[in-house]
Amino acid sequence: MLFRSKKISAGQNILRQARCYAAGQLLIDAGKRLRAADIGLLAEAGRSQILVRPRPRVAILCTGNELVAVDEQPGPGQIRNSNGAMLEALVESAGGVPESLGVARDHPADLEAAIRRGLDADVLLLSGGVSAGVLDLVPRTLQQLGVRQIFHKISMKPGKPLWFGSRTSANTPTLVFGLPGNPVSSLVCFELFVRPALAQLMGLNFDPLCRTAALSTDFQHRGDRPTYFPGYLETRSE
């Protein structure tokens, strides 16, 4: 059976020039992480080269005599190095390139050698050794290696021992974060301090996700420090 087609009008089914974008039109805003679609758009516009901020190299060094590998059975007084794996995943999710330096023991020479390697990166994350114990050697070792302390300890829970400083070598700065060894403290400090810093290094517009919610149970907060609690967010339709 033959079907008679509708009348074809001039210009029908033709994508005319400049319908997608016009000469001089802004295609991609500055401060945006490039997605696959953005790269395709740049290729369509004939832009084989553009100015970008590189992904920062982030060295991760965990400290402590008590740490053992994840696949090892901890002995008396030992724990698995969970912070190392967690921080690598967090750096990756934030757009950085994680570089694990393993574990440095609580010994000045071992710690100094490991930190020297980490100072070659754009950012150095240390886990543990920043509190006030006898074996908390990180602040002293960083000072000896020429890292300028910007602040140490904050009025926040968890995360009070947080240490932050920087060192510039050959006009290249390295940001140094001394995160607390407690895994929850390390996670909270990363989200509040390290993630925004990585976004700044990449020239991204950082917009933290904040939501207002109602507690489902009564809660009373004690203490004078801002405190971050774990919780579950449940969305309900009214």
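## Helix 2 and helix 5

Strand 1, strand 4 (97-104), strand 5, strand 8 and helix 5 are among the elements that cover the buried residues of helix 2. Keep in mind as you look around that this is a predicted model.

Let's start with helix 2 itself. Its buried residues are Asn83, Gly84, Leu87, Leu90 and Val91. Viewed down the helix axis, they fall within an arc of 130 degrees, so they line one face of helix 2. The helix has 12 residues and reaches 17 Å from its first C-alpha to its last, close to the 16 Å expected at 1.5 Å a residue.

Now turn to helix 5 (residues 183-201). Its buried residues, including Val188, Phe190, Val194 and Leu198, pack against strand 1 (57-63), helix 2 (82-93), strand 5 (123-127) and strand 8 (172-179). At Phe190, helix 5 bends by about 45 degrees.

Apart from neighbours within four places in sequence, Arg195 is in contact with Leu90, Ser93, Ala94, Phe190 and Phe206.

| Helix | Side-chain oxygen | Backbone nitrogen | Distance |
|---|---|---|---|
| Helix 2 | Asn81 | Gly84 | within 3.2 Å |
| Helix 5 | Asn182 | Val184 | 3.0 Å |

Key. Residues are numbered from 1 along each chain as its sequence is written. This is a predicted model: local features need pLDDT of at least 70, side-chain atom pairs count only at pLDDT 80 or more; totals for chains, interfaces and linings use all residues. Side-chain values use heavy atoms; hydrogens and water are left out. Helices (H or I, at least four residues) and strands (E, at least two) are DSSP runs, numbered from the N terminus. Contact means heavy atoms within 4.5 Å. The bend at a residue is the angle between axes fitted to the seven residues ending there and the seven starting there. Buried means under 20% relative accessible area, exposed over 50%, partly exposed in between (1.4 Å probe, protein chains only). A polar contact is a pair of N or O atoms within 3.5 Å; within protein, one must be able to donate a hydrogen and the other to accept it, and residues adjacent in sequence count only if both atoms are side-chain atoms. The expected span of a helix is 1.5 Å times one less than its number of residues. The arc is that of the directions from the helix axis to the C-beta atoms.
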